[in-house]
Amino acid sequence: MRAAPRVGVVAALHQELAAVLARLPHERRQQVGGRDFWLGDWHGHELVAVLARVGKVAAATTATILIERFGVDRIIFTGTAGGLAPGVAVGDLVVARSFLQHDLDASPLFPRHEVPLYGQSRFAADSAMTAALAAAARAVLAQRDVALGPQALQEFELGAARVHEGLLLSGDRFIATAQASQALRAELPDALAVEMEGAAVAQVCHDYGLPFAAVRTISDRADDSAHVDFMRFVQRVASRYSVAVLAHYFRAMPAREAMMRGCAAPATPGCSG
Ligand code: ADE
């Protein structure tokens, strides 16, 4: 049995992975499937950090390698998302409670959004990991000038920030028109935000019985101005939030306690952090 759970930390963009790697000073690198996997230790947790790249296929491949080749016990995804629900504003944090592929449509053979032969369209995040990530996100926002610095707050005119928990949509499409985001809102009114990977990782984790959770910074409102300043926002805000939330999460979750809660082995259904 390992002394600590092994956590796969997946980032969607280079800047976010770089911010995590800066916290893993003695990491080792292994290349599998054309990707670099970085193994290190953070607050007593064994981490395997990796850049998924963008989109559902890349995310599913990355999750499968993490499980099959690196034997991770759980996976956390961090990145950005476009806000959909009213009140989900740029600079807010969203912690997923469930995931759905908004671009999956095998109708009329199966109901729209249902993953064929799974009998479900929504995949749940691990509830204990989600609660711990949400607590970490709230703690970070309570002191966000520490995480971001005053310049970033001014530069992006960030108002009071909130943590939201609920449904995250994923699809192989960057949503960048008011019409497209309005269509998603009309179809899936309880969706908080949209991104391009989470539901794919959730499906892989479901297949393996592995706990999964995700935290995303809202970088845009998934409308016509969604692309404006996107990379600068990732660098100055989202990657800083990601690393601060993860640091808080790992610090607050003693590795021994995580092991005692029964997350020692992969494929432990319902195992929670
Ligand atoms: N990630 C961040 N913003 C997004 C958007 N508008 N659409 C899809 N993925 C995103």
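Is arginine 122 buried, exposed or partly exposed, and what is its relative accessible area? I looked it up in this predicted model: arginine 122 is partly exposed, with a relative accessible area of 34%.

**Entry: the partner of arginine 122.** I found that arginine 122 makes a salt bridge with aspartate 190, with 2.7 Å between the closest N and O atoms. The two sit in distant parts of the chain, 68 residues apart: arginine 122 belongs to strand S7 (residues 122–124), while aspartate 190 is in the loop between helix H6 (178–187) and strand S9 (191–195). Aspartate 190 is also partly exposed, at 40% relative accessible area.

**Entry: two helices.** Next I looked at arginine 232 and glutamate 155, whose side chains meet in a salt bridge at 2.0 Å, N to O. Arginine 232 lies in helix H8 (residues 230–252) and glutamate 155 in helix H5 (residues 150–155), so this pair ties together parts 77 residues apart in sequence. I noted arginine 232 as partly exposed at 38% and glutamate 155 as partly exposed at 30%.

Entry: Then I turned to arginine 216 and glutamate 195, which form a salt bridge at 3.2 Å, N to O. Arginine 216 is in strand S10 (residues 212–220) and glutamate 195 in strand S9, 21 residues apart. Buried means under 20% relative accessible area, so arginine 216 at 1% counts as buried, and glutamate 195 is buried at 4%. My total for the structure is 13 salt bridges.

**Entry: a hairpin.** Last, I followed strands S2 (residues 28–32) and S3 (residues 35–42), which run antiparallel and are joined by 5 bridges. Valine 32 has arginine 35 as its bridge partner. The hairpin has 2 residues between its strands, and glycine 33 in the turn has a positive phi of about 60°.

Note on methods. Residues are numbered from 1 along each chain as its sequence is written. This is a predicted model: local features need pLDDT of at least 70, side-chain atom pairs count only at pLDDT 80 or more; totals for chains, interfaces and linings use all residues. Side-chain values use heavy atoms; hydrogens and water are left out. Two strands pair if DSSP finds at least two bridges between them. Helices (H or I, at least four residues) and strands (E, at least two) are DSSP runs, numbered from the N terminus. A salt bridge is a side-chain nitrogen of Lys or Arg within 4 Å of a carboxyl oxygen of Asp or Glu. Buried means under 20% relative accessible area, exposed over 50%, partly exposed in between (1.4 Å probe, protein chains only).
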